[in-house]
Amino acid sequence: MSAPEVRTLEATPVGPYRLPTPAENTKLGIWVWLASDCALFAALIATYVSMHGHVGHAPTPQQLFDLPLTATATFVLLLSSLTMGLGLEAAQHGEHQRLMRWLVVTMILGLAFVGLQAVEFTTYVHRGLTPDASNFGASFFTLVGFHGLHVTFGVAWLLSIFIFVVRKGPLGPRDLWRLEAASLYWYFVDVVWVVIFTVVYLLGKVS
Amino acid sequence: MAAAAERIGGLARGEDRSASAVWSWLTTVDHKRIGILYLFSSMIFFLFGGLEAFLMRLQLMRPDAHVVSFALFNQLFTMHGLTMIFLAVMPMSVGFINYMVPLLIGARDVAFPRLNALSFWLFLAGGLVLNSSWLLGGAPNAGWYNYAPINTGAVVHGVSLNPGSDTLGIDFYVIGLQLAGIGTLLSGINFVVTIINMRAPGMTPMRLPLFVWASLITSLIIVFAFPPFTINLVLLMIDRMFGTGFFDPARGGNALLWQQLFWVFGHPEVYILIMPAFGMISEVIPTFSRKPLFGYSSMVFALVVIAFMSFMVWSHHMFTVGMGPVVNSIFAATSMAIAVPTGVKIFNWLATMWGGRIRFTTSMLYAVAFIVCFVIGGMSGVMLAVPPADYQFNDSYFLVAHIHYVLIGGALMALFAAAYYWLPKITGRLLNERLGRWNFWLVFIGFNVTFFPMHFLGLMGMPRRVATYPANLGLGFWNTVSTVGVFILTAGIVVFLYNLKRSAQHGELAGPDPWDGRTLEWSLPSPVPEYNFAEIPLVRDRDPLFAEKVHGNGRLVPAQIAEAHAAEEHASAHPAGIHVPNPTILPFVVAVALTVTAFAAIFRVWPLAILGLLAAFFAIFRLMYDHDPGHYVQPEEGAR
């Protein structure tokens, strides 16, 4: 075999190289994580759909679900997406005070949603739907409770950003990604709720 | 105590770097050292899993034997499967991914170094929690796939299906695998971001070494396959701890739900095990054939197709549960179709060797053995994908033969090939080739003597997971042969361990490029310095180093660095040296806190469980907001 022909190695035209910033890495990381969280909720929703018919002697979804209450909670959560967006917009324009106000409002709305859920859960338990009463109860509390934990964690995350800003001063452009990452998560949790509201509550009321 | 707190605080701020050896391993965020931690711990778990297999084969060597009790036998096959899959083969691959991927793409570290450390400690915590069950009331005993309702201890028609599960074993399964699973998921996310964002200039997607492609695809499978399993474990945990009945048919639950959610994860999981092996083989074979990889694009395409299809075949594990002919036919068709992209890979490896100047090093021997054994395993796999035939094969030793041909003959052979190929880069010393040959032939012969007879045993009707069999069934001969094979296989592993020890003490120095390699890692000293690349290289070909050897002056060309960031990345431009992250103990703290939660949950001490969770979250938030100033390392003299 003859020696391979020597050719000139031209570089692909690449611009000057720089390392990706924490912002670029973290935001991509959050997207990948949320993709995996989609699979998590998909498994839970599938479980609920396959289980919700087993009501046994416990109350049925039609008897229990209080659409005005849940619709209110839904409204509160969706509103928190708006306030989150307003906060992010304020941060992008460097308006520190406005960001902090919207952060507080978002956290209060998130807590209000979790609070309404606690009220709802307590009512159901009093009316006889405990997690071990029927498989509808088990899968309902697991799915909706799991989402509630997501919201609670989201509030803790926003609180941590709030504390960070209080301690380290206004959120500069170098740290903006911290808020952007949290907001991606927050929107995701809200969007998932729309699916849960439809599949669990709306369909549960009509079926 | 105060001194320790002081020390932790100081290290978190990066003040104290003259720490002891143990402390430096606990706090490391260097992808290479984390890779070594993965390789070392998975090796220990591998020996445990091997011991469990050894005991089982001793029990099965003769009919009507009583080497171990039947109850212990159930625990042995359960823990053998769990250990080999979750604690040995998968983390061994992750170890090589950790060490090699940043080197192969021309990066100084992974995208999230501290998250990487957290992944490792969570994996180790999960493995230790799972194995601690041996000492704390008995190991899980319902098989690695832990079918419901055996896993719930439910009573069906007055009969308890698993009287043993009123022991705690299954709780260790549920909790231990969740811990390890979180670690694996974080690892998956980390490597997706690393491979997409951290590539050196010129390292375009279609120039990525195939091992990097395999790592990316593996990570993506992890990201989508682990969540259903996590949910399955959560549901089982709620069933066992709070008295619900998700999987209890007597209470309107559905035992098949466990199977569905398990195999939606479980089948992609076997591709998580084999994909990195495909990648390793695709690095070893071209290097030792002195040819570029044949059909690079089709190799990448095949990987992507296999990954996609791995999510569409799970019900072939459930042909006999009564899903009906339509569902069975669909899953049979998708399962058989996977053989097509896999066949593409096999032929590409053969074509790479064809006409090449092959050097049969130990690594190459293992790579060739991989092809042979994996094809045998693949053929029995296609046989199992035929539903009518599967009614015969299902739960027989035929299946045991199949899974070991793809997991030992496939994944483990590739891991041995990778060990002989890459350990010199990691340790700086070559493994002995003469011992390597003994190691290879003993493992290859031992493996085939052990597992090929299992095909016959399966076709003769021997069910898997039986603790013994009567003498008059005529199963004794092949079982004895199989156990003899295990002795040979064990001897091969012992030779490997001796080779490792010998190489560490007085192995021949490897030098930067012992194999006349093609890819970026062989341009670096062995072992690789902390900062990997003194200068970020410019990648000008699919086989970057080889192209520079043939067409350039044999050295990589440094990349042009953007002005604004020059201070951080360009060694010669910054008088202080190269910027690297500081060590931190926090990932280890998170893992310890979650281990406390795990044991508290297993023993139902709820306040402690919540305390552990809060501590873990506190440490995670500390990790998120503590600014890491990093420090500077001066590149060694002679390094460009």
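Student: Where should I begin with confidence, and what is the mean pLDDT of chain B?

Tutor: Where pLDDT is low, the predicted coordinates should not be read in detail. In this predicted model, chain B has a mean pLDDT of 91, and 92% of its residues reach 70 or more.

Student: Over which residues of chain B does pLDDT stay under 50?

Tutor: One stretch is residues 1–17 of chain B, for which the model has 17 contacts beyond four places in sequence. Another is residues 566–572 of chain B, and the model has 17 such contacts for that stretch.

Student: How is an interface sized, and what is the area buried between chain A and chain B?

Tutor: The size of an interface is often given as the accessible area lost when the parts come together. Between chain A and chain B about 4,200 Å² is buried, and carbon and sulfur atoms give 69% of that area. On the side of chain A, Leu9(A), Tyr17(A) and Asn25(A) lose the most area to chain B, together 17% of what that side buries. As for residues, 47 from chain A and 51 from chain B take part in the contact.

Student: How many salt bridges and how many polar contacts link the two chains?

Tutor: The count of salt bridges between chain A and chain B is 0. Polar contact is found for 7 residue pairs across this interface, both residues of each pair being at pLDDT 80 or more.

Student: Which helices of chain A each supply at least two residues to the side that touches chain B?

Tutor: They are α1 (22–51) and α5 (135–168) of chain A. Of the elements, α1(A) gives the most to that side, with 16 residues. By type, the residues of chain A that touch chain B divide into 27 nonpolar, 12 polar and 8 charged.

Student: Now for backbone geometry. Which peptide bonds in chain B are worth checking as cis?

Tutor: Most residues other than glycine have a negative phi, and most peptide bonds are trans. In chain B, the bond from Ala148(B) to Pro149(B) is cis, with omega near 0 degrees. Pro149(B) sits in the loop between α5 (113–132) and β1 (155–156) of chain B. The bond from Ser526(B) to Pro527(B) is also cis, with omega near -10 degrees, and Pro527(B) is in the loop between α16 (476–506) and β3 (537–538) of chain B.

Student: Are Asn146(B) and Arg604(B) buried or partly exposed?

Tutor: Asn146(B) has a relative accessible area of 0%, so it counts as buried. Arg604(B) has 31% and is therefore partly exposed.

Student: What surrounds Thr83(B)?

Tutor: Thr83(B) belongs to helix α4 (residues 70–105) of chain B and is buried, because its relative accessibility is 0%. Beyond its neighbours within four places in sequence, Thr83(B) contacts Phe45(B), Gly49(B), Glu52(B) and Ala88(B).

Student: And where is Ala609(B) found?

Tutor: Ala609(B) is in helix α20 (residues 606–625) of chain B. Its relative accessible area is 6%, so Ala609(B) is buried. Not counting residues up to four places away in sequence, Ala609(B) touches Thr597(B), Ala600(B) and Ala601(B).

Definitions and conventions. Residues numbered from 1 in each chain as written. Chains lettered and ligands numbered in written order. Predicted model: local features only at pLDDT ≥ 70, side-chain atom pairs only at ≥ 80, totals over all residues. Heavy atoms only, no water. Contact = heavy atoms within 4.5 Å. Buried area = accessible area lost by both parts, 1.4 Å probe. Salt bridge = Lys/Arg side-chain N within 4 Å of Asp/Glu carboxyl O. Polar contact = N/O pair within 3.5 Å; in protein donor to acceptor, adjacent residues only side chain to side chain. Helix = DSSP H or I, 4+ residues; strand = E, 2+ residues; numbered from the N terminus. Nonpolar A, V, L, I, M, F, W, Y, C, P; charged D, E, K, R; others polar. Buried < 20%, exposed > 50% of the residue type's maximum accessible area, 1.4 Å probe, protein only. pLDDT = per-residue confidence, 0-100.
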